[in-house]
Amino acid sequence: VYDPAGSSTNLDGESYDLTTTTYDRVNKTKDYAYGVFFQDQLTLFDRLKVLLAMRRETYNYRLAYETPEQENVSQTAWLPKAGATYSFPFQTHLYASYITGFEPVASHTLAYGILEGGGDFEPEYSNQIEAGIKQELFNKNLLLTVALYRIKKTNVTQFLNPGAPVGERIFRQLGEVESEGFEVEFNGSITRSFSLSGAYNLNDSKIEKDLDPEKVGQRLGLAPKHQGSFWMKYEFAGHNFLNGFGAGLGASFSSKTPLLQAPDLTTPGYGVWDASLSYKINKVSINLNVNNLGNKRYYTGAVRDRERHYVGAPRNMILRLGYTL
């Protein structure tokens, strides 16, 4: 839009006016991010490992940068982290962790956004508690992890009126959202030729606190209850004709997904298949991946009933050639 002569000529001039611009230095911001952390891992009683950490994050925003109206905004947070792992015989490991997080309000939101209900924007804070077990299988070639978790976030920011002009963009901040769930993950190989990986996540996400009492207890948008994927691959070895060939098959799936700003509505669940073929000879490798084998049309979520439906990628193929020095 800043070079009309070099822009495409097929654009509708009534919709896209290429002869004028809206750029103004008052719209310019300059952002700085600083972080410092300390971390230590201790080994106690041979089998017990403990990790302790503390991080300080600072974000400085200069709004309307280098103008008389320049405004400096600073957001900071202390973020502790702790974890412990205890190793039993037979390659079994129990673990637990506590992690905190911090997401500053974006500079463009501070500069042009209007907070629903009035007041000042607050940064997003989060904490996660997780506990689980890790089991090594098949002579330590496959790792299985089973975990329980709880994640809490405060001041989650949502954009309510996309497309609104500068100065009229309205945001809302959810008081507190909570996700509780169960997770299973495995990754590795069973034999020299056969490898597999996969994951399943049961996630119950809902609003715990909000300015609007009617929203308390609602499901969180863009958070499906069930998600997962798996992938398996077989590479032929020791076969005269097939030696070096490999084939893979996998899928990803999701249950229906609540809309971001209308969680009572959902996009449908889906399942998508992928496949691959590969060949290795000496130092040369060839890989062909085909994603979304059935060319299925599916949606990974949406903002509202008739706004911003996120469409999954159609069938696509990727060919990779490799050479090892």
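Is L319 buried or exposed? I looked this up before anything else, keeping in mind that the model is predicted. L319 has a relative accessibility of 57%, so I put it down as exposed, the cut-off for that class being over 50%. Its place is in strand β18.

**Entry: the surface around β18**

I then looked for a nonpolar patch on the surface and found one that includes L319. Its members are L277, I281, V284, I286, L288, M317, L319, L321, Y323 and L325. Together they have about 1100 Å² of accessible area. I checked which elements give two or more residues to the patch, and they are β14 (270–281), β15 (284–291) and β18 (316–323). The largest share, four residues, is from β18.

**Entry: Q75**

Next I turned to Q75, in strand β3, which runs over residues 71–88. I noted Q75 as buried because its relative accessible area is 7%, and the limit for buried is under 20%. I asked which backbone atom lies 3.1 Å from a polar atom of the Q75 side chain. The backbone nitrogen of V105 does. I also listed the contacts of Q75, leaving out neighbours within four places in sequence. They are E57, T58, Y59, Y61, F102, P104, V105, L110 and P123.

**Entry: L220**

Where does L220 sit? I found L220 in the loop between β9 (194–209) and β10 (226–235). Its relative accessible area is 16%, so I noted L220 as buried, with the limit for that class at under 20%.

For contacts of L220, not counting residues up to four places away in sequence, I wrote down L174, V177, S205, K206 and P258.

Last, I took the separation of L220 and Y298. They are 78 residues apart in sequence, and their C-alpha atoms are 20 Å apart in space.

Technical notes: Residues numbered from 1 in each chain as written. Predicted model: local features only at pLDDT ≥ 70, side-chain atom pairs only at ≥ 80, totals over all residues. Heavy atoms only, no water. Buried < 20%, exposed > 50% of the residue type's maximum accessible area, 1.4 Å probe, protein only. Contact = heavy atoms within 4.5 Å. Polar contact = N/O pair within 3.5 Å; in protein donor to acceptor, adjacent residues only side chain to side chain. Patch = residues over 30% accessible without salt bridge, like charges linked within 9 Å, V, L, I, M, F, W, Y side chains within 5 Å. Areas by Shrake-Rupley, 256 points an atom, 1.4 Å probe, with all protein chains shown as cover. Salt bridge = Lys/Arg side-chain N within 4 Å of Asp/Glu carboxyl O.
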